[in-house]
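Reader: I'd like to go through this model with you and ask where the labels come from. Could you show it first?

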Amino acid sequence: MAAAADGFEGDDVSVAKKLMMPAMAVAPQVWENDPAAALARLRHEFGEHGGVNMSIEASATFTVVEPETMRRVFTGELGPDRDYFIYSRHFNPTVLNLGRQLAALEGTEAAYCTASGMSAISSVLLQLCSSGGHVVASATLYGGTHALLTHFLPRTCNITTTFVDITDHEAVKNATVQGRTQVLFFESIANPTLTVADIPELSKLAHNKGIKVVVDNTFSPMVLSPAKLGADVVVHSISKFISGGADVIAGAVCGPASLVNSMMDLHQGALMLLGPTMNAKVAFELSERIPHLSLRMKEHSRRAMEYATRMKKLGIRVVYPGLEDHPQHELLKTMANNDYGFGGLLCVDMESEEKANRLMHHLQNSSQFGLIAVSLGYYDTLMSCSGSSTNSELNTDEKALAGISPGLVRMSIGYTGTLEQKWNQFEKAISRMRESGCNVM
Ligand SMILES: Cc1ncc(COP(=O)(O)O)c(C=O)c1O
């Protein structure tokens, strides 16, 4: 029996099903300063019949040979590390394999994949905060996260949040409440303003006060590795760049094995008890896309950099962290992993919603440069006016605090077609705007 040397004396035949797996979705501890290298070091999961791709464990429930084993699985004595599974809301082998990939991507000990980015965020916050607890969060966040912190958590759990300008570290410090603040939450590159957070400094500041740092890295997988820069937990909306297909809603929590284990606890675990687990078939599909994430991110970033530079030359007000005039350009250079550029998102500030809508109309309907749609990380360019869409949950004052102007158009730059073909389409749309008497500057 494979487990005998490990002190396990059970006689259950399923023990030897596989080589021993590291506990949970634990990633290799060697970090090569490149998430792609870390991913390549992961054990390759083969299919049941020697297929190059892993098999899908599509079972909701798992059998044991002896009834006594069931009790031992429920007490936690036997678990996924010995290939013992109970029920797929708890752990599922296929979902765990994707978790291993996410942990390698983010350089964390463990990761767990969820049904959406929002469920990853809400589960982590509910795990780390208790009733009466307090969060300090960036004022510039995805609208759903902002609403969760502003409205839902205070009403349902008595967890309150103070929002701050995340670039103002004095304000962050002053917002913390001794004995109450449990989490500092921000996005590595903020939705939609593309403000870049100083992850090492913010992590130091929070840790000095015993506060956990949770970073949403949805905008910059591969580009930034927040856990390697000091964050405790990294959350993702996998629905975006990691999926790349705009066809799946999914999320992940990446962090220490102790946190992920606590979130799966049968009595106190937010993931176990709220149940936002990922379906194994979805996990399989996503795991097939991770190997080319690095290539995709490089091309998203290369094109975003090129278009931002050209837009600026045309006199358009463009926000892109790769441009030298971006307030955190130098900071991002100090934090970013090599060769992934500055991310695939840029913003064009058209000042009014009416002008923003006209621009998007021409970009989609006159020249096929992109699609008017929320979300990001798709292979085609997606565009939305953030104030009236993804961040519409914020009221006028909150939008002003977050730096979201009414005419801000967020563009997630795709990589289909050739770069020049797409740029010609952009120029054509600008010409149409001008012909209709609309000044784009
Ligand atoms: C930065 C960020 N975090 C989290 C989410 C929520 O993710 P999901 O839609 O997968 O629940 C989004 C969605 O747009 C987002 O942009």
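**Asking where the labels come from**

Author: Let's start at the ligand: by class, its shell holds three nonpolar, ten polar and two charged residues. Keep in mind that this is a predicted model.

Reader: Which residues come nearest to the ligand?

Author: Out of 15 residues around it, the nearest are Ser116, Gly117, Met118, Tyr142 and Ser237. Helix H4 (117–128) and helix H5 (143–157) are the elements that give two or more residues to that shell.

Reader: Take Ser237, then. Is it buried or exposed, and how do you know?

Author: Ser237 has 30 C-beta neighbours inside 10 Å, so it counts as buried. The cut-off for that label is 20 or more. Ser237 lies in strand E6, and its contacts, leaving out residues up to four places away in sequence, are Gly117, Thr218 and Gly251. For a sense of scale, Ser237 and Gly79 are 158 residues apart in sequence and 27 Å apart in space, C-alpha to C-alpha.

Reader: And what makes Ala111 buried?

Author: Again the count decides: Ala111 has 30 C-beta neighbours inside 10 Å, and 20 or more is what the label asks for, so Ala111 is buried. Ala111 is part of strand E1 (residues 110–114). Its C-alpha atom and that of Ser130, 19 residues apart along the chain, are separated by 22 Å.

Reader: Why is Val248 called partly exposed?

Author: Val248 has 18 other C-beta atoms within 10 Å. Buried needs 20 or more and exposed needs 12 or fewer, so a count of 18 falls in between and Val248 is partly exposed. Val248 sits in the loop between strand E6 (233–237) and strand E7 (251–255). Setting aside residues up to four places away in sequence, Val248 touches Ser239, Ser243, Val282, Glu285 and Leu286. From Val248 to His362 there are 114 residues in sequence and 28 Å in space, C-alpha to C-alpha.

Reader: Back to H5. How do you know that its length agrees with what a helix should span?

Author: H5 has 15 residues, and at 1.5 Å a residue they should span 21 Å. The end C-alpha atoms of H5 are 19 Å apart, which agrees. The expected span uses one less than the number of residues.

Reader: Where does H5 bend?

Author: The bend is at Leu149, by about 35°. Leu149 is also among the buried residues of H5, along with Gly143, Thr145, His146, Leu148, Thr150 and Leu153. The cover over those buried residues includes H4, strand E2 (134–138), strand E3 (160–164) and strand E5 (212–216). Just after H5, Asn158 takes a positive phi of about 60°.

Reader: Why is Asp339 labelled partly exposed?

Author: Asp339 has 13 other C-beta atoms within 10 Å; exposed would need 12 or fewer and buried 20 or more, so Asp339 is partly exposed. Asp339 has a positive phi too, near 75°, in a residue other than glycine. Its place is the loop between helix H12 (329–335) and strand E9 (345–349).

Reader: What is the omega of the bond that joins Asn191 and Pro192?

Author: Omega there is about 5°, and the peptide bond is cis. Most peptide bonds are trans. Pro192 belongs to the loop between strand E4 (181–187) and helix H7 (199–208).

Reader: Now the domains. How many residues of each are in contact with the other?

Author: The chain is divided into domain 1 (4–288) and domain 2 (292–435). In the contact, 36 residues of domain 1 meet 38 residues of domain 2. On the domain 1 side, helix H1 (35–41) and H5 each supply at least two residues. H5 gives the largest share of that side, four residues. By class, that side of domain 1 has 20 nonpolar, 13 polar and three charged residues.

Technical notes:
Residues numbered from 1 in each chain as written. Predicted model: local features only at pLDDT ≥ 70, side-chain atom pairs only at ≥ 80, totals over all residues. Near = placed C-beta within 6 Å. Nonpolar A, V, L, I, M, F, W, Y, C, P; charged D, E, K, R; others polar. Domains from an automatic or database assignment. Contact = placed C-beta atoms within 7 Å. Bend = angle between axes of the 7 residues up to and from the residue.
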